[in-house]
Amino acid sequence: MSEMWVNMGPQHPMTHGLWNLRVKIDGEVIVDADPEMGFLHRGIEKICEYRRYNEVVTLMDRTCYVAGLSWEHVYLMAVEQALGVSVPARAEYIRVMSHELQRLASHIMWYAAFVQDIGLMTPFLYGMRDRDLILDLLQSYTGARMTYEYMRVGGVRNDVPVGFTDRCRKVMDWLEEKIHDYEALCDRSDIFLKRTVGLGILKAKECLDLGVTGPMLRAAGVPRDLRRDHPYSAYPELDFVIPTHDGADVYGRYRVRMEEMRQSIAIVRQTLEWLDHHPGRVLAEKVPRFVGTPTPPPGRESYILRRGYPKGRGFAAIEEPHGEALAYVINEGAEHPYRVKFRSPVMVNIAAAKDYLVGYRVSDIPPIMGSVDICVGESDR
Amino acid sequence: MTVTLYDVAYWLSSHLVALATGTSASNLPGGPWTTAAVALAWLVTGIIVFAASLVNTLILIWWERKLLGRFMDRRGAMHVGFAGLLQNLADGLKLFRKQVFSPREADQFGYYLAPTAYMVTSIILLGFLPVSTGFVGGSVPLSLLLALAIFSFAPLFIFVGSWSSNNKYSLIGGMRTAAQLVAYEIPLLLAVVSVVLLTGSFDLTTIVMDQARYGWFWLPLILGLVVFSVAMLAEMERIPFDLPEAEAELVEGWSTEYGGMLFAMTMLGDYVRGLVGSYLIVLLFLGGWTLPGPLAPLAAFPLGGIVWFQIKTYLVFGVFIWVRAALPRVRTDQLLQVGWKRMLPLSLANIVIAAALVVWGWPHLTWPAL
C-alpha cells in the first residue's frame, strides 16, 4: 500500500481532547507526524487582561480540567510576586497539599485513560473510582469537584474543615493500596509490557533540546523536578524523592508516574501532619486593595489607573502534573493584570510528537500519545 | 425416548391443523393436511431456533455487561427490567428507531450487504448446532465442517463492508480483520482436526455422544482446547484480539461508518459469533449437554440437556469476559506472530497427540504390539 495521510482527530478516541494528529502511514508504519493544535483556543491569556486578579482564578480552573488547582497555584504565585503579597505558612501548606492531591487525581486520570487506550477497560473504572475519593476530599474544602476557585491572592479562601486530615489520611492509605493493584494489572501482564516497553523513545538530550518536561523528561533519566530544583511554597520543608527511569519509553513514563503518585501520597501525609499542629491564618492580612475606579471604562489603555497597585512583575514556575508550568504576570498598577503569559508543558510535549512517533506503528499511537498525558484545554488555553 | 425439537414443533403444528380441521391432533385426516402439518412443523422449528438464538444472544450480552461490570467494581445494567435484563432490548429498540443512512461516497450495495450478510451468516450457524439430543434445527451429518465453513465467511463480508464504506479507518480495520482471521483460521481448524481424529465423525451429535461415553476431550486434548479457545477469541474479535475494531486508534474499526440498525446488526453478528464460538468449545471439548459420571442423570430430565448446555456455554463465555476484563489489546504484528509462531506448532502437536491416542487404541488405551 502506498503512503497516505490519516487524520487522527479532531474527533478521534485517541486524542483525549480537541486536537488533530496527522500521521503519514506506510501500511502500518508511521513515516511522518504533524500535530495540529489550537482547536480549543479560548484566549484565556487575553481574557485575563479584563478580569480582576482574583477573578482570573476562575479561568485557571478552566485551563486544565484535571489540574485546576495547579494552575491556580502557579498563577497566584506570579501575581503575589507582582503585587508584593506574602502568603501565610498554613496557606502554603494547604496549597501544596491541594497541588499534590491534584497531581494524584491527574495521574490517576492519566492512568485510567492511558490503559484504556491499550484496550484494558478495567483500570479505567478502578481509576475513576479512586479519583472520586480525591474529588470528594477536594470538594469537602473547596466546595467543588472540578472548578474549585479556591486559592486567592494572598492565600486560600478558607481553611480545611474539622476532621479533614483524618479523612484525607484514610484516603491516602486506600490509594497506596490501590496503586499496587494498578501495577499488578499492568506490570504482570506480558501484553502490557509488549505494548509499552521500547515504544515512543525520546532520549534525555532530545527532551532537553525540545523543551519536553515532566514525567517524560524524568522517564528519560533526567531527575529534573521544579519542586526540588527551584523549590517554591512549602516544598523546601518537605521530604520526597524524584523518581526517574532509564527507558525513555512509554513504560518508563508509566513507571515514573506510578512512583510519583507514591511520592505525592508521602507529601500529602507530611502536609497533613504539619497542618494538624500549626493552626493559623490562611489568607494574608494585608492584601493591597485596589483604590482606583472600581469599574474601568472600555478601552485597554485607560485601565492603567493613577492610584492602583504598586507596579511590578511576577514570574512563577511549578511542577504541574504534566510538566513545568510557567506563569508571567505584568502589573501596571491597574486592578487587572496588564499581561499574563502561561507556558503549558503539554503544548511543548505534543509539539515534539514527530520525534517520538516516527518509525512506530499505527497501533502504537494510542499508547505513545497516551503516555504524554494530554490535556488540550491547558495546551491551547 | 428423547424428545426432539422437531417433535415439539410437530406437536404444535398438528394441534394447529387439528384446530383448523376440527379433528384431534392424534388423528389427523391424511393427505394434504398431514403434509401441511409437517411443513408447518419445519417452519415452527425454524422460528423456534431463530427466536431462541436471538433471546440467547440478548441474554449473552446481558451476561457480558453484568459480569464485566462486576470485574470492574460496578454493577452493569440495572434499571430496565429485573437487574437490567431488558436493557439490551431497550438499546436495540433505540437503534432500530434511528435513521438508516449511508455515507454519500460509499458503495451502496456493499455498504448495505456487509452487515446484513454478516448477521445472517452468523445466525444461520445456530440452525444446525445441536443444543441437546435432537434439539437441532437441521441435522447435518457434516455439521461441524459446515459450521466452520460458514463461520469463516465473516472476513469476506467485513472486508466488503470496510472497503465500500470509503473510510480509511474502516479500510485499515477491514484489512486487519482479513489478516487476523486468515491467520487464526488454520490453528482453529487444526484443533478441530484432533477432535475429528478421536471420534471419526464430523457430526456434532456424535462427537458429544462419544464424549459422554469415553470422557470429555478437554483432558486428552488440552492443547487443542487452549489453541481452539485462543483462536476463537481472535475469530470473535474480542479483547485481546479486537484489533479490527481497536477503538483507540481506528475509532470503531471496520464498522466506523455504520450507525443505527446497521450498527446493531454488526454488534448482533459479533455476539452471535461469540455464542457460536462458546457453543463449539462446549460441544467439542466440554462434553456438550452431557454431565460426567454420577451427575449424568441430571442431564436426562426433559430439557435438562439444554439447561446444562447453556450453563456450560455461559461459563465458557464468562472466561472470555474475564479475559476481556484482565488483558489489554495486542498489536497487529504481535497478533500474527502469536498466530503463526505459537498457535500453529501447538495445534500440530495436539494433532500428533490425538493421532498417537488413536494409534494406541483410543478410547480403550492399549499398547499396540510393535
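Reply: Strand 7 (residues 323-331) of chain A is joined to strand 8 of chain A by five bridges, and the two run antiparallel. The model is predicted, so the cut-offs matter: local features need pLDDT of at least 70 and side-chain atom pairs count only at pLDDT 80 or more, while totals for chains, interfaces and linings use all residues. Residues are numbered from 1 along each chain as its sequence is written, and chains are lettered from A and ligands numbered from 1 in the order in which they are written. Strands (E, at least two residues) and helices (H or I, at least four residues) are DSSP runs numbered from the N terminus, and two strands pair if DSSP finds at least two bridges between them.

On the pairing between strands 6 and 7 of chain A, nine bridges hold the antiparallel arrangement.

Taken together, three strands of chain A form an open, antiparallel sheet in the order 6-7-8. Its edges are strand 6 (312-320) and strand 8 (339-343) of chain A, each of which pairs on one side only. Neighbouring strands are turned by 10 degrees against each other on average, direction ignored. Helix 3 (residues 68-83) of chain A packs on the sheet, where it touches strand 6 and strand 7 of chain A, and its direction makes about 155 degrees with that of strand 6. Such angles run from 0 to 180 degrees between N-to-C directions, the axes being lines fitted to C-alpha atoms, for helices over the stretch in contact. Contact between two residues requires their C-beta atoms, placed from the backbone, to lie within 7 Å.

The sheet belongs to a chain with 15 helices and eight strands. The radius of gyration of chain A (taken over C-alpha atoms) is 21 Å, close to the 21 Å that the globule rule (2.2 Å times the number of residues to the power 0.38) gives for 381 residues, so chain A is as compact as a globular protein of that length. Its C-alpha trace spans about 70 × 50 × 30 Å along the principal axes. Of the 381 residues, 53% count as buried. Buried means that 20 or more other C-beta atoms lie within 10 Å of the residue's own, exposed means 12 or fewer, and partly exposed lies in between, with C-beta atoms placed from the backbone.

As for how the chains meet, 22 residues of chain B are in contact with 26 residues of chain A. On the chain B side, the elements that give two or more residues are helix 10 (247-250), helix 12 and helix 13 (332-359). Helix 10 of chain B supplies the largest share of that side, three residues. Helix 12 (residues 304-326) of chain B has buried residues including W308(B), F309(B), F317(B) and F320(B). Its buried residues pack against helix 5 (122-142) of chain A together with helix 2 (32-71), helix 9 (222-236) and helix 11 (260-285) of chain B.

The largest nonpolar core has 205 residues, and those with the most contacts inside it are L129(B), F228(B), A231(B) and L284(B). Helix 4 (residues 89-118) of chain A gives the most to this core, 17 residues. Another core, of six residues, lies apart from it and has L171(B), I172(B), L250(B) and V251(B) among its members. A core here is a set of buried Ala, Val, Leu, Ile, Met, Phe, Trp, Tyr and Cys residues joined through C-beta atoms within 7 Å. Not counting residues up to four places away in sequence, L284(B) touches V192(B), V195(B), I207(B), F217(B) and F228(B).
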